[in-house]
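Q: I would like to learn how to read a structure step by step. Could you take me through its main features?

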Amino acid sequence: FKGDDTCEYLLSSGRFLGEKVWQPHSCMMHKYKNSEAKSCLIDKHIAFIGDSRIRQLFYSFIKLINPQVREEGNKHGNIPFEDKSASIKVDFLWYPEVNGSMRQRIKSWTEAATAKPHIIVAGAATWSIKIHNGSNEALTQYKINITSIAPLLEKLAKSSDVYWVLQDPVYEDMLSESRKMITNEKIDAYNEAAVRILNSSSRNSKAKVKVFSVSKLIAQETIMKSSDGLHLPESSRETNAMILMNVYCNKILKPIDGSCCQPQPPLTLIQKLAFCFFTLSIIGYLIINLIHRNNYRKNKSCTDLENGEEKKPAVSTPTVSTLETLLHSFCKLGLIMTYFYLCDRANLFMKENKFYTHSSFFIPIIYILVLGVFYTENTKETKVLNREQTDEWKGWMQLVILIYHISGASTFLPVYMHIRVLVAAYLFQTGYGHFSYFWIKGDFGVYRVCQVLFRLNFLVVILCIVMDRPYQFYYFVPLVTVWFMIIYVTLAVWPQIVQKKANGNCFWHFGLLLKLICLLICIYFLSYSQGAFEKIFSFWPLSKCFELNGNVYEWWFRWKLDRYVVFHGMLFAFIYLALQKCQVLSEGKGDPLFSSRVSNVLLFISIVCFLTYSVWASSCKNKTDCNELHPSVSVVQILAFILIRNIPGYVRSVYSSFFAWFGKISLELFICQYHIWLAADTKGILVLIPGYPMLNVMVSTFIFVCVAHEISQITNDLAQIVVPKDNPTLLKRLLCIAGFFSGLLLFSAVQEQSRH
């Protein structure tokens with residue numbers, strides 16, 4: 001651990017993931033697009049000074065600004081480059097040896113009244129070895145020359161970023177006869193001299209020349225692919241250029257997936273207030289706990305002095321007060337949130353980029369599938385989509401989604417399309433579950449609504465405060481929340497049609513279908529009218545909830561992607577409950593859902609539909625085109641799965657308790673993964689134990705699952721206190737919650753103003 005500065009790691013260490021993906025030690029590297037590079041380097045002057053290897057790095061660097069640049073011009077001369085649109089000037093200055101000429105050029109920058117280059121990249125040695133035939137005298141002269149240049153570089157480093165590029169190893173077998181004297185032994189001697197002199201010079205100066213030594217590590221892995229044994233292949237040069245861009249630009253643009261060289265973000269006003277609140281909760285709980293312990297000691301059994309027997313006073317077990325439960329919950333939550341902050345906001349733990357391989361995704365999938373089958377048990381009831389079955393369904397889907405995220409499988413389109421179906425299936429269950437509840441119970445009371453909204457949103461609201469992220473960042477919770485409110489409004493508005501009323505008159509069934517058709521028309525209209533959708537959600541204070549990066553486009557995209565599946569879930573629930581009421585279904589233990597012939601036909605059709613969708617998803621070539629079709633066709637695989645899972649009686653009568661356990665905390669798992677399992681807001685992977693990937697995943701997963709389970713318990717405890725059944729008390733609590741959010745909006749506005 002070297003403190004906040006991860007630049008040292010970026011410039012000196014790392015490893016390859018696969019063949020081309022470079023992973024710096026401890027931090028994440030952002031892949032810069034040319035528009036981002038221009039934005040960072042606007043009005044900047046960059047100078048590359050050195051030999052042919054530095055010239056290669058120069059070309060790779062300017063290709064990040066303008067990919068159309070060609071490597072042409074005088075190889076042994078100066079090469080200028082200018083991007084007039086962003087006022088960027090990049091020069092290559094041909095100085096193949098560290099000698100008086102190079103010193104004079106660097107000295108001219110220190111003495112110039114005009115602006116110096118903002119970035120200076122220098123390095124040379126191989127020409128000195130070649131021209132002097134690898135003599136020791138040349139090495140001695142190199143040391144003298146670099147000793148004279150070092151103070152000048154230190155002087156420049158006070159106002160500019162100065163990098164000294166160490167010499168890469170060569171592939172001696174491929175070197176031409178004229179370069180045979182350039183050996184790795186000689187290169188190492190020159191590098192050692194440069195590092196020793198530059199480091200000793202920096203000890204006496206606050207400014208520091210940064211030694212770019214990571215290029216050596218990259219070259220060791222790739223120099224065999226060199227065309228001449230001396231110069232690096234293009235992919236390696238691109239990696240070096242990208243590292244340079246990350247070193248300079250990460251602290252300016254602050255990309256989420258570029259944690260290298262980024263300082264720890266300062267605490268916001270809201271974060272400071274949250275810290276004070278949790279600290280007071282912990283102190284309050286400890287005080288109450290100490291008072292209870294003292295009372296317990298006073299009431300302890302005392303010895304009867306007359307007969308020597310121990311008398312135990314009839315003291316009933318003390319009931320836990322509401323205040324104690326509240327403080328206990330916030331005490332635990334405060335400690336958990338501290339862990340969240342340390343993992344993903346403080347530069348305490350390491351972060352690494354994801355790297356997808358088929359084995360990293362499919363092997364864990366097979367492993368959890370075997371575990372799930374091993375924990376098979378009989379269900380308490382055998383109805384279609386009973387509670388144990390839906391928990392199991394949520395559980396295995398959540399585990400697959402977690403593996404998908406940590407393995408970086410979104411880059412593999414067939415996997416991406418199947419995961420989209422799993423997200424749609426969650427929303428299908430939202431439509432099915434909430435419709436079934438309102439249809440059967442007919443309970444449209446405020447208590448039910450507040451309970452659901454609290455359980456869905458509690459953790460996300462806390463994370464928005466502690467992690468300084470907008471509500472829409474945790475997109476799935478806003479999605480489920482809005483769809484719950486749509487279902488509620490659809491069924492609660494006049495005329496309220498519930499099962500009890502519909503049983504008396506079949507006309508009400510048509511009335512409900514009419515409501516569902518109106519809902520479908522509204523969904524269709526909003527999905528093809530982006531302007532109307534954005535106007536609805538751009539009104540304050542809705543805009544504060546649904547904006548991301550200053551607009552609601554991301555929210556519209558997320559909503560549109562699964563726009564019909566909640567409706568499908570509601571329609572399926574209506575049809576299923578109607579068939580159940582008409583006693584068309586056989587839901588006894590071990591019985592097929594329909595008659596044998598009908599069950600076999602439906603089962604065959606379901607399997608064919610399931611596999612057909614998988615074949616179509618696997619053959620997808622374009623993500624945009626497939627996403628356009630997804631909302632309409634995802635229901636095919638969802639319904640096929642439900643029928644396959646429920647038509648055979650023996651399949652419907654069992655469930656996996658392993659998957660069901662995870663299903664009960666699926667929402668917490670989905671949200672917690674953002675910060676304490678993944679890192680950099682899901683863009684990377686949290687590293688608690690560097691150097692041991694498997695052990696790291698095991699440890700971080702264990703903590704992550706325990707934390708998710710504990711948060712689920714805390715949410716349930718607080719839901720009973722914050723959302724009581726008593727209506728007058730509930731109204732008071734709602735007023736308090738409204739006051740809390742009003743204060744949050746006020747502090748947020750103050751915070752935004754101070755940022756600007």
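The dialogue below goes from domains to strands, cores and a helix contact.

Q: Into which domains is the protein divided?
A: This is a predicted model, and the assignment divides the protein into domain 1 (28–253), domain 2 (349–723) and domain 3 (725–755). The centres of domain 1 and domain 2, taken over C-alpha atoms, are separated by 52 Å.

Q: How many residues of strand β6 are buried?
A: Strands of a sheet pair through backbone hydrogen bonds, either parallel or antiparallel. In strand β6 (residues 119–123), five of the five residues are buried, so the strand is largely enclosed by the rest of the structure. Both of its faces are covered, with Ile119, Val121 and Gly123 buried on one side and Ile120 and Ala122 buried on the other.

Q: Which strands pair with β6?
A: Strand β3 (residues 45–50) pairs with β6 in the parallel sense over five bridges, and strand β7 (residues 161–165) pairs with β6, also in the parallel sense, over four bridges.

Q: In what order do the strands of the open sheet with β11, β15 and β14 lie?
A: The three strands are ordered β11-β15-β14, and their pairing is antiparallel. The edge strands, β11 (350–353) and β14 (678–679), each pair on one side only. Two bridges join β14 to strand β15 (residues 684–687), and Ala679 stands opposite Gly684 in β15.

Q: How many residues does the largest nonpolar core have, and which have the most contacts inside it?
A: In soluble globular proteins, nonpolar side chains tend to be buried together. Here the largest nonpolar core has 137 residues, and those with the most contacts inside it are Met337, Phe340, Trp393, Tyr474, Phe476 and Ile638. Helix α14 (residues 413–441) gives the most to this core, contributing 17 residues. Leaving aside residues up to four places away in sequence, Ile638 touches Trp393, Val421, Ala424, Ala425, Phe428 and Val565. Another core, of 46 residues, lies apart from the largest one, and among its residues are Ile54, Ile88, Phe92 and Phe212.

Q: Where do helices α10 and α15 meet?
A: The axes of helix α10 (residues 269–298) and helix α15 (residues 446–466) come within 8 Å and cross at roughly 120°. On the α10 side, Ile270, Gln271, Ala274 and Phe278 meet Ile462, Ile465 and Val466 of α15. By class, this contact has six nonpolar residues, one polar residue and no charged residues.

How values were computed
Residues numbered from 1 in each chain as written. Predicted model: local features only at pLDDT ≥ 70, side-chain atom pairs only at ≥ 80, totals over all residues. Heavy atoms only, no water. Axes fitted to C-alpha atoms, helices over the stretch in contact; angles between N-to-C directions. Contact = heavy atoms within 4.5 Å. Nonpolar A, V, L, I, M, F, W, Y, C, P; charged D, E, K, R; others polar. Pairing = 2+ DSSP bridges. Core = buried A, V, L, I, M, F, W, Y, C linked by side-chain atoms within 4.5 Å. Buried < 20%, exposed > 50% of the residue type's maximum accessible area, 1.4 Å probe, protein only. Domains from an automatic or database assignment.
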